[in-house]
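Dear colleague,

I am passing on to you the structure shown below, together with its sequence. My findings follow directly after it.

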Amino acid sequence: MCRILPVMTEAVAAGSVQAAAELDDGLDMYRQLVLIRVFEERVGSLYSQGEIPGFVHLSVGQEAVAVGACWPLGTHDVITSTHRGHGHCLAKGLDPVAMLAELMGRQTGTNSGRGGSMHIADPTQGIFGANGIVAAGLPIAVGAATASQLRQDGLVTVSFFGDGAVAHGAFHEAVNLARAWSSPVVFVCENNGFAEFSRHDQLHAASLRDRAAGYGIPFWAVDGDDVVAVAELMAEVVAGVRAGAGPAMIEATTYRWRGHYEGDPQRYRDNDALRAAMAERDPIARQRQRLIAEGVAVSRLDEIDDAIGELIDKAVQQARSAAAPDPATLTDYTWRRPIVAPVGQPATSQAETSTAPVSGGPAAGAWTPAAATATTPVFRTMDAVHDALEVSLATDPEVFIAGIDVGAGGNVFGLTRGLHERFGRRVLDTPISETAIVGVAVGAAMAGMRPVVEIMYLDFIGVCFDQIMNQAAKLGYMTGGRAPMGLTIRTQYGIGRSSGSQHSQSLEALLAHVPGLKVVMPATPADTYGLLRAAILDPDPVVVIENRLLYGVRGPRPPEDYVVPIGSAAVVRPGSDLTVVAWSQMVNEALAAAAELATDGIDVEVIDLRTVAPVDYATVQGSVRRTSKLLIAGQGVTAHGLGAEIAARVGADCFADLDGPIVRLGGPASPVPYAPNLEQAWLPGRADIVTAVRELASY
């Protein structure tokens, strides 16, 4: 007995401690449930009074999913959310005062009033954003999980999505890629019964359980209105994923009490079913009853309710009294202002941001292509791509490469050959899933890495344009500069080899029109190397568009630390009579045309833009003021193209300096044809430049 009694006492004591801890957990869960409910009900009221602008989507009735799913997560574990994301953000620990200020469009808001209800994020707390695009957060979640895998830091990502997102391509691409890479991500479906105005059971041919089985991902179903059930399941699943079990899928069945959006007339709903759900499935009432059954006094729960109410009352007053953003800061956070870094180290950025065309990475050294001599080594454009990637991988452990066949296959053009063998898992093959590929880049960049992803052909950006336009380009801005977004998208085009309409397009104008993107188009091997190095070091998303017909072109090899400043054009041939502005292959055509025209006594100045967004207007306008005439030459369709924007800007700023009309050269307003003779008739080149210059010179 003397031996047994102390053991029994310790067991009783341990049981008491565990019971007390469980009770504390239960109270904390209750507190979070109430916080989300009161916050959202107040938001609904403020919206109806006109104090909150825009769109508002509330998750009243779904609080248990948010609280339970985030319960086992640490500060640096990551969540991605939906347009109905207030509860997720609060459950992950975001400050309700700053959130309310954000919804009211105040400078003190979580994202300085740039995001609003659908875009609240704080990457420093692992909150990679509510998202206004259905299913867009799933590929981003895989990117965050990829960053964790590469760093081996043991973090887990949870991706919330609604039942309507299951029909979206981004869902399938993300889940498939997560399974292929065994990513540490938990996909949590909040099945609230409705996808906007449509019932869940009307639109899906297969259950989520069956879909998960099809991808070979373990699946669990849970009562999404029972916070303890959700938390216990998530604790088990997250522990397994954290230990290396790979991705998991959870379907939490809940019920949406309010409309798809505030103001939704909800004519599609069964009011009796809604009233029954509110009476029987309220997650707060269920948790309250559980705690009372465990001996918690009603007065203690009432105190929690009152304290939350007071907190939200104060938050409303603070948000009302906060200042709106200063209009002078309108374009802040569109791009970041990088600071020059030592060679081989990533650029950092200042707290303030700017739309100024500034470069990422170290400033270019004294070497320039013009300084090349007969003894300067030469290399091909394809070597320039390979070498820039290799140096970046070797000097920065945060850089990785992902894309279709970039690993073992070495890229369809052989550009990444040997990199997988040297750098292993940092050179990743992906499925043919462009949305997932770019989403991985976005999520990994938000986690602070410097991903380089490849879209095999420029034409394919249409497949993944949401992740480029609405995610990569906007998240830095919509988060008030909180989200790192240093990523590079490599792609290529080439007109002239009968590749047809879907493999030949020069779509730089489409990308240049998206604020927040930088777009570069090199014309020489040295610039290909220098611009790709700068892109990888840049703190903003950069699209590098190569011309595949230049891959075999040779030129002087720059030193390893050579970087071409993004946003800096080059005068590649000085002249006095007329300025030709060109980019990519058309630079070479312009140089050849200028050499021919020199025999006629016409001295042409050729400017290589190198960066097409942002354009270096200072160099262009300085040249036009000297020559008084301007020809703009690209290989995209002329109508609504980049040349039109340059012409408008120069025409407005240099009107008094012009001695003739601004002329644009490009393709006609038709798709690129297949037949070789038609393609050559479509494609602008040296002869067209010569003809246009001679005509313009006559003014």
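Ala-473 is located in the loop that joins α16 (465-472) to α17 (475-478). Please note that the model is a predicted one. Ala-473 counts as buried because its relative accessibility is 5%, under the 20% limit. Leaving out residues up to four places away in sequence, Ala-473 touches Ile-468, Val-514, Pro-515, Gly-516, Leu-517 and Pro-541. Pro-123 is 350 residues away from Ala-473 along the chain, yet the C-alpha atoms of the two are separated by 16 Å.

One of these partners of Ala-473, Ile-468, also has a place in the largest nonpolar core, which holds 92 residues. The members that touch the most others there are Phe-161, Phe-187, Met-249, Val-442, Ile-468, Leu-511 and Leu-609. Helix α15 (residues 434-446) gives this core its largest share, 9 residues. For Val-442, the contacts beyond four places in sequence are with Ile-140, Gln-467, Gln-471, Ala-472, Leu-475, Met-485 and Leu-487. Another core, of 68 residues, lies apart from the largest one and includes Leu-27, Leu-35, Val-60 and Val-222. In soluble globular proteins, nonpolar side chains tend to be buried together.

As to the chain as a whole, it has 24 helices and 23 strands. Its C-alpha atoms fill a box of roughly 105 × 60 × 50 Å along the principal axes. Among contacts with a separation of 6 or more, 79% are between residues 24 or more positions apart.

Helix α12 (residues 298-321) has 24 residues and reaches 35 Å between its first and last C-alpha atoms, close to the expected 34 Å. Its buried residues are Leu-301, Ile-304, Ile-308, Gly-309, Ile-312, Ala-315, Val-316 and Ala-319. An α-helix has 3.6 residues a turn, so residues three or four places apart point the same way.

Helix α24 (residues 686-697) has 12 residues, and its end C-alpha atoms are 16 Å apart, in agreement with the 16 Å that 1.5 Å a residue predicts. Ile-689, Val-690, Ala-692, Val-693 and Leu-696 are buried in α24. What do the buried residues of α24 pack against? They pack against β19 (578-582), α20 (585-598), β20 (604-608), β22 (630-637) and β23 (663-667).

Strand β22 is also the place of Gly-636, a residue that is buried with a relative accessible area of 11%. Beyond its neighbours within four places in sequence, Gly-636 is in contact with Ser-506, Glu-508, Gly-666 and Gly-667. The C-alpha atoms of Gly-636 and Val-296 are separated by 71 Å, and the two residues are 340 apart along the chain.

Finally, the cysteines. The count of disulfides is 0. Cys-70 is in no disulfide, and the nearest cysteine sulfur, that of Cys-89, is 8.7 Å away. Cys-70 is buried, with a relative accessible area of 5%. Cys-654 likewise counts as buried, at 0% relative accessibility.

With kind regards

Notes
Residues are numbered from 1 along each chain as its sequence is written. This is a predicted model: local features need pLDDT of at least 70, side-chain atom pairs count only at pLDDT 80 or more; totals for chains, interfaces and linings use all residues. Side-chain values use heavy atoms; hydrogens and water are left out. Helices (H or I, at least four residues) and strands (E, at least two) are DSSP runs, numbered from the N terminus. The expected span of a helix is 1.5 Å times one less than its number of residues. Buried means under 20% relative accessible area, exposed over 50%, partly exposed in between (1.4 Å probe, protein chains only). A nonpolar core is a set of buried Ala, Val, Leu, Ile, Met, Phe, Trp, Tyr and Cys residues joined through side-chain atoms within 4.5 Å. Contact means heavy atoms within 4.5 Å. A disulfide is a pair of cysteine sulfur atoms within 2.5 Å.
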